[in-house]
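Subject: Structure handover

Hello,

Here is the structure I said I would pass on. My notes on what was found in it follow below.

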Amino acid sequence: MRNYDIPFNKPCLTGKEVDYLHQAVNSGKLSGNGVFTKKCHRYFEEKYHFKKCLLTTSCTDALEMAGILLNLKEGDEVIMPSYTFVSTANAFVLRGAKIIFADSYPDHPNIDPSLIERLITPKTKAIVVVHYGGVACDMDSIMEMTNRHNLFVIEDAAQAIDSYYKGKPLGGIGHLGAFSFHETKNIISGEGGMLVINDEQFLERAEIIWEKGTNRAAFFRGEVNKYNWVDVGSSFLPSELTASFLFAQLENMELIQKKRIEIWEKYFEAFQSIPNKLQFDIAPLPDYATNNGNMFYLLMKSKERRDELLGYLKGEGILAVFHYLSLHKSPFYKKEHGQRELTNCDKFSDTIVRLPFYFGLELSDVSRIVNLISIWK
Ligand SMILES: *Cc1c(COP(=O)(O)O)cnc(C)c1O
């Protein structure tokens, strides 16, 4: 792998991670659902008033748990944006569901709620929304519509930690929410994730699915006198090693978020102060949404210009990247999807440039990147 002067991502470390790993090792319990796992759960339940949280080994796992909880079966339909990460769809395909892809807004990669209703059929069971770059989808209109049709809403909040919709924390609005602590996200544990259960009806079963289909968690609380195989499930819980690392990050959430938002604002202001010769756009932030400093991206005018800009920055030792290829055109799913066009999604696949963004990124590096872009022809 090539070394860049300014890489795209560097894992964030705040200082206590290795200490807490030591503590976990010395505690004599390394498997899941121990002291650090409980500390992480409590942190989220207290800070965001999430009803129940379960750490998972990834956001992918949290989404797979959601698929099991909804009892999806062959032929059920799940509506979601095509402009998203593979796992958003794959988790439900594993249950036999058919994915019905919806388009994004013209000026933002989030799902356009006005396009959802026409895709609803008697087979539709759920809508998955993705808060792209941590920016909220229009949750009032989505929740109103799904209540009318009696559908479940799952928030893929992988990028949306500590971000809000009209003051409500993302991941806490739909029936279920899924977060990621992969090393490219704001808060990390290498690989890691969390399922948030907001709807009472899923509380008990979520814990069973999490614990390999057993009622072990209830057993350890003394609620049942032996634990048994009671449902389907898998091994979704992370070890205490992962949870201890994560807890060190959570204790420093405010510091991490402050720095990331500072970097975002530096990019934004620096781009305002140069002539926009390249005619790129910066996606708007709706009034109802907050910016959680998840990523900074430009919307270029064409795929050619996008690719040229990535090549130019690479030549300067800076790694910027493009993002999601439309899932409806993926080798795996294009036959299932058919010919229905999703032009906004395709446009974002062709034109987004994600600039380097990580906790340790120096503001002077941000200036350097923006200056280089300002002199590029
Ligand atoms: C990162 C990401 C995922 C996957 O998260 P993992 O923790 O790596 O499984 C899913 N959806 C979105 C939108 C993501 O950004």
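The ligand is located in the largest pocket. Please keep in mind that this is a predicted model.

Around the ligand there are 15 residues, and the closest are Thr60, Asp156, Gln159, Ser180 and Lys185. Sorted by class, this shell consists of five nonpolar, eight polar and two charged residues.

Some of the contacts can be given with distances. In the side chain of Ser180, an N or O atom is 2.7 Å from an oxygen atom of the ligand. For Gln159, the distance between an N or O atom of the side chain and an oxygen atom of the ligand is 2.8 Å. Tyr324 also has a polar side-chain atom 3.2 Å from a ligand oxygen atom. As for cover, the ligand taken alone exposes 390 Å², and 93% of that is buried by the protein.

The other topic is the cysteines. How many disulfides does the structure hold? The number is zero. Cys12, for instance, takes part in no disulfide, and its nearest cysteine sulfur belongs to Cys40, 15 Å away. A disulfide requires two cysteine sulfur atoms within 2.5 Å. Is Cys12 buried or exposed? Cys12 counts as buried, because its relative accessibility is 4%.

Cys345 is likewise in no disulfide, and the nearest cysteine sulfur, from Cys137, lies 13 Å away. With a relative accessibility of 0%, Cys345 also counts as buried, since the cut-off for buried is under 20%.

That covers the ligand site and the cysteines.

Regards

Notes:
Residues numbered from 1 in each chain as written. Predicted model: local features only at pLDDT ≥ 70, side-chain atom pairs only at ≥ 80, totals over all residues. Heavy atoms only, no water. Near = heavy atom within 4 Å. Polar contact = N/O pair within 3.5 Å; in protein donor to acceptor, adjacent residues only side chain to side chain. Areas by Shrake-Rupley, 256 points an atom, 1.4 Å probe, with all protein chains shown as cover. 1 Å grid on protein atoms, 1.4 Å probe; cavity = no way out; pocket = protein on both sides within 12 Å on 5 of 7 lines; lining within 4 Å. Sits in = over half its atoms within 2 Å of the grid points. Nonpolar A, V, L, I, M, F, W, Y, C, P; charged D, E, K, R; others polar. Buried < 20%, exposed > 50% of the residue type's maximum accessible area, 1.4 Å probe, protein only.
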